[in-house]
Amino acid sequence: MESGGRPSLGQFILLGTSSVVTAVLYSLYRQKAQVAQELKGAKRIHLGEDLKSILSEAPGKCVPYAVIEGAVRSVKETLNSQFVENCKGVIQRLTLQEHKMVWNRTTRLWNDCSKIIHQRTNVVPFDLVPHEDGTDVAVRVLKPLDSLDLGLETVYEKFHPSVQSFTDVIGHYISGEQPKGVQETEEMLKVGAALTGVGELVLDSSSIRLQPPKQGMQYYLSNQDFDSLLQRQESSVRLWKVLTLVFGFATCATLFFILRKQYVQRRERLRLQQMEEAFREHEAQLLSRANPEDRESLKNACVMCLSNFRSCVFLECGHVCSCAECYHALPEPRRCPICRQAITRVIPLYNS
């Protein structure tokens, strides 16, 4: 605490930072909780022969937020894997990722760093069809790349280490960056893979479409079943809730600590004011009863013992209020009995 009972700048910064972090965490928790609640309220619809009749009876032939599970089937052509034979899919993502070591001048350590230097995603139209055969119904999936959880499977992954000469090693060491190599990855959504779609289900004149929902709700195309997807979202909500409670408690504890310090400081100031007033009253009474020749000596008496002359100058406050004996009797850390500032050094006062 600073003198005068005001919170220090460091305490203001700590309280402000803790409050901002708590507010951000609470906002994220509310968003995650809303997403989980919307997902829990989504209507589960079986992908079967009665799907068209269900949508025909729905208002506007549309279910705003529906869950449907099926298998992936290409509409016309399929995508072939560049590295794996007989691997066909409807979404293909090729990624080149660079890995290197970067020197951190703050921590004086080499840190792993990676960045995507090239990525290409290929998509062909595809449907969701029932897992069992003999059912002639399909749901066309629109804008799959807009989904939050695109369930792609890694079918190929290879790391190509960088080849360096001695001069390259020295140059990279001086520059603070040491390349490790490039990782090549291929991910695909295979034909026949199980897929859970959560979005807007619409029936038009010719087909059934699954598309991104309106009103800001999340669009999912996941390789997990719906129960696992919902459980993962609820686990995320619980994590953010715990983090929010922890930082909220820390903010309350910081605020309580600052207010308590202010209260203690204010109470100490009031006690010192009362002591000073009592001392001045007592000094005035002694001066009124003393002889004229003794009054001058009482004015220069130590404020603590009222017996010896004042012989110490306290720095940095500059008060002259104590004798040497009473100064040495002050408890550690020594503070001025007038203003309660810390005494950094003492200069003896000599009266002529």
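**A tour of the salt bridges**

Select Lys190 and Glu153 to begin: the two form a salt bridge, with their closest N and O atoms 3.5 Å apart. A salt bridge here is a side-chain nitrogen of Lys or Arg within 4 Å of a carboxyl oxygen of Asp or Glu. The pair links distant parts of the chain, since Lys190 belongs to strand β9 (residues 177-190) and Glu153 to strand β8 (residues 153-161), 37 residues apart. Strands (E, at least two residues) and helices (H or I, at least four) are DSSP runs, numbered from the N terminus.

The model is predicted: local features need pLDDT of at least 70, side-chain atom pairs count only at pLDDT 80 or more, and totals for chains, interfaces and linings use all residues. Residues are numbered from 1 along each chain as its sequence is written, and side-chain values use heavy atoms, leaving out hydrogens and water.

Next, select Glu200 and Lys214, whose side chains meet in a salt bridge (3.0 Å, N to O). Glu200 lies in strand β10 (residues 194-203) and Lys214 in the loop between β11 (208-211) and β12 (220-222), so the pair ties together parts 14 residues apart in sequence. Is Glu200 buried or exposed? At 6% relative accessibility, Glu200 counts as buried. Buried means under 20% relative accessible area, exposed over 50%, and partly exposed in between (1.4 Å probe, protein chains only).

Then move to Arg209 and Asp204, a salt bridge with closest N and O atoms 2.6 Å apart. Arg209 is partly exposed at 21%, and Asp204 is partly exposed at 28%.

Finally, select Arg44, Glu69 and Asp227, which salt bridges with shared partners join into one network. The structure holds 13 salt bridges.
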